[in-house]
Amino acid sequence: MTASIESPLPLIGFAAFSGTGKTTLLKQLIPLLNERGIRIAMIKHAHHRFDVDTPGKDSYELRKAGAGQVLIGSRHRWALMTETPEEQDDPDLNYLIQQLDPSRHELILVEGFKMLPFPKIELHRPSTSNPLLFPNDPNIIAVAHDGELAQPTTLPTLDINDPAALADFIVDYCALASVQQAQRSQG
């Protein structure tokens, strides 16, 4: 049984198979949400090794020399790189959420972690021939697609090629989540 996902802020994931255009859509969606006054934190799952630093730079060389954590900062931004054991499982989403500063954001968007139990918008392109996720995932809150779905749904459906409509849906979802959170706090 997967542990429940705890977040101090509304949390919405984007679940889809590789090649569906998650990152492309998010690059269009984030500025639209910012224009609506929503400050976004983003967590992206990677299935492979990655580096955010460049070989030859001091921070890269210090990390490769054995520093378990390297924090690099400037007046423009800072980043913390933490090495993990070689054979570690996928990162724990709850742990990653705890690393964010909730006072700086109103919403956390998550790309990936599609198998975990938290609210997600499924992105689906029938042309990719990938199966639909919503029939087997009760945490899907909407389906954004660009063609006929192979299975009918009672979930809200959105046009994957209309980022403004997705932004409207997310704004409405966050407003509802805030009201529900306030009711739970009073209850």
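Author: This is a predicted model. Start with N94, which counts as buried because its relative accessibility is 14% and buried means under 20%.

Reader: Where is N94 found?

Author: N94 lies in helix α3, which covers residues 93–98.

Reader: Which residues does N94 touch, leaving out those up to four places away in sequence?

Author: With those left out, N94 touches S4, I5 and E6.

Reader: Now salt bridges. What is the general idea?

Author: Side chains of opposite charge can pair when their charged atoms come close. In this structure, a search of the whole model finds five salt bridges. One of them joins the side chains of D168 and R36, at 2.8 Å from N to O.

Reader: Which parts of the chain does the pair D168 and R36 link?

Author: The pair links distant parts of the chain, 132 residues apart. D168 belongs to helix α4 (residues 163–186), while R36 sits in the loop between α1 (22–35) and β2 (40–44).

Reader: Does D168 count as buried, partly exposed or exposed?

Author: D168 has a relative accessibility of 38%, so D168 counts as partly exposed. The class runs between the two cut-offs, under 20% for buried and over 50% for exposed. R36, at 35%, also counts as partly exposed.

Reader: What is the N to O value for the salt bridge of E106 and R39?

Author: The side chains of E106 and R39 meet at 2.7 Å, N to O.

Reader: Why is E106 described as partly exposed?

Author: E106 is partly exposed because its relative accessible area is 30%. R39 is partly exposed too, with a relative accessible area of 39%.

Reader: How far apart are the closest N and O atoms in the salt bridge of D146 with R125?

Author: In that salt bridge, the closest N and O atoms of D146 and R125 are 2.8 Å apart. D146 lies in the loop between β7 (140–145) and β8 (157–159), and R125 in the loop between β6 (120–124) and β7. The two residues are 21 residues apart.

Reader: Are D146 and R125 buried or partly exposed?

Author: D146 counts as partly exposed, at 34% relative accessibility. R125 has a relative accessibility of 18%, so R125 counts as buried.

Notes
Residues numbered from 1 in each chain as written. Predicted model: local features only at pLDDT ≥ 70, side-chain atom pairs only at ≥ 80, totals over all residues. Heavy atoms only, no water. Helix = DSSP H or I, 4+ residues; strand = E, 2+ residues; numbered from the N terminus. Buried < 20%, exposed > 50% of the residue type's maximum accessible area, 1.4 Å probe, protein only. Contact = heavy atoms within 4.5 Å. Salt bridge = Lys/Arg side-chain N within 4 Å of Asp/Glu carboxyl O.
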